[in-house]
Structures are given as C-alpha cells and as structure tokens.
Amino acid sequence: MVEIFLEYQGDLRCQAQHGPSSAVLVTDAPLDNHGRGQSFSPTDLVATGLGTCMATVMGIVARKRGFALGGTRVHVKKIMTQAPPRRIAELAVKISFPKAATLSVGAARTDLEYEANHCPVRLSLLDAILVSTHFDWQTE
C-alpha cells in the first residue's frame, strides 16, 4: 500500500506528496478547462503514468535478461473528448528504441511489446479509453 497526501491550494491547483519518498508534485487545471496550464493536469498524470509504466516494465524485462534499453523514448499523446462529459478519449503511445537497444534485444521484442501492453496502468484503464501503441525499433 502506498499513501498519497493531497492538498487543494486554490485556483485549481493541487499539491501531492508521495508518502514513502516525500516527493512532491503539483497539478494545475489545463487552459482549456479554466486553469492556468502551468503544470501537469490530473489527466496528464494518467498519460504520464501509462508511458512511464510501459517503460518501467520493459526495463524490468531487459534487466532480467541482461540487456539495456537506455535511451528508449516514450511519447504519449492524450486526446480528450470533444463532447461532454469531459474525459480522456485516447492515449496514443509511440515507443522508440535506439539502434543499440534494438540490436541487443533480438528475439525479446515480442516479450517487451507484450509487457508494455499489459503493464499495471494499462490494465487499470477502462475500455472507454482507446490505447493505441506503436513500437519503433530503429534498424538504421
């Protein structure tokens, strides 16, 4: 169990503290939803959670098998619904592996892709959110 402590600071801004580490982050409502857009919005954190979870589980596989995925990049595009109710409609994920990682991974590609698409955050998202994932294995 992990506890997160939150405080609404006013003006559509919250501060969250991670119990185990005391790390702090701030959220701010986005410009298109009455906020200042000066930090991650709550829905941005969902997109961030998905991308970092995918990268982390792939990193676990890589560590267990003795290869590195350093330099791998994840780009998550969060698309909100246009009509009410306001919610995340789609999270489009592109995972780009550098050539060095592509060469060292070899046959583990299928396992890495499987783990990314079955990470805890992905499995926690409702089917109402379309999650599309593209893996870009650099070969040149």
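Leaving aside its neighbours within four places in sequence, which residues is Leu 69 in contact with? They are Met 58, Gly 59, Ala 62, Phe 97, Ala 101, Val 105 and Leu 112, where contact means heavy atoms within 4.5 Å. This is a predicted model, so local features need pLDDT of at least 70 and side-chain atom pairs count only at pLDDT 80 or more, while totals for chains, interfaces and linings use all residues. Residues are numbered from 1 along each chain as its sequence is written, and side-chain values use heavy atoms, leaving out hydrogens and water.

**The sheet**
- An open sheet of mixed pairing has three strands in the order 4-5-6; strands (E, at least two residues) and helices (H or I, at least four) are DSSP runs numbered from the N terminus, and two strands pair if DSSP finds at least two bridges between them.
- Strand 4 (73–80) and strand 6 (130–137) are at the edges with a single partner strand each, so one side of each has no neighbour in the sheet.
- Strand 4 and strand 5 (residues 88–97) run antiparallel, joined by eight bridges, and Ile 79 has Glu 90 in strand 5 as its bridge partner.

**Helices on the sheet**
- Helix 1 (residues 42–65) packs on the sheet and touches strand 4, strand 5 and strand 6.
- Helix 3 (residues 109–117) lies across strand 5 and strand 6.

**The core**
- The largest nonpolar core has 27 residues, of which Leu 50, Met 58, Leu 69, Ile 95, Phe 97 and Leu 112 touch the most other members; such a core is a set of buried (under 20% relative accessible area, 1.4 Å probe, protein chains only) Ala, Val, Leu, Ile, Met, Phe, Trp, Tyr and Cys residues joined through side-chain atoms within 4.5 Å.
- Helix 1 gives the largest share of this core, eight residues.

Definitions and conventions. Axes fitted to C-alpha atoms, helices over the stretch in contact; angles between N-to-C directions. Buried < 20%, exposed > 50% of the residue type's maximum accessible area, 1.4 Å probe, protein only.
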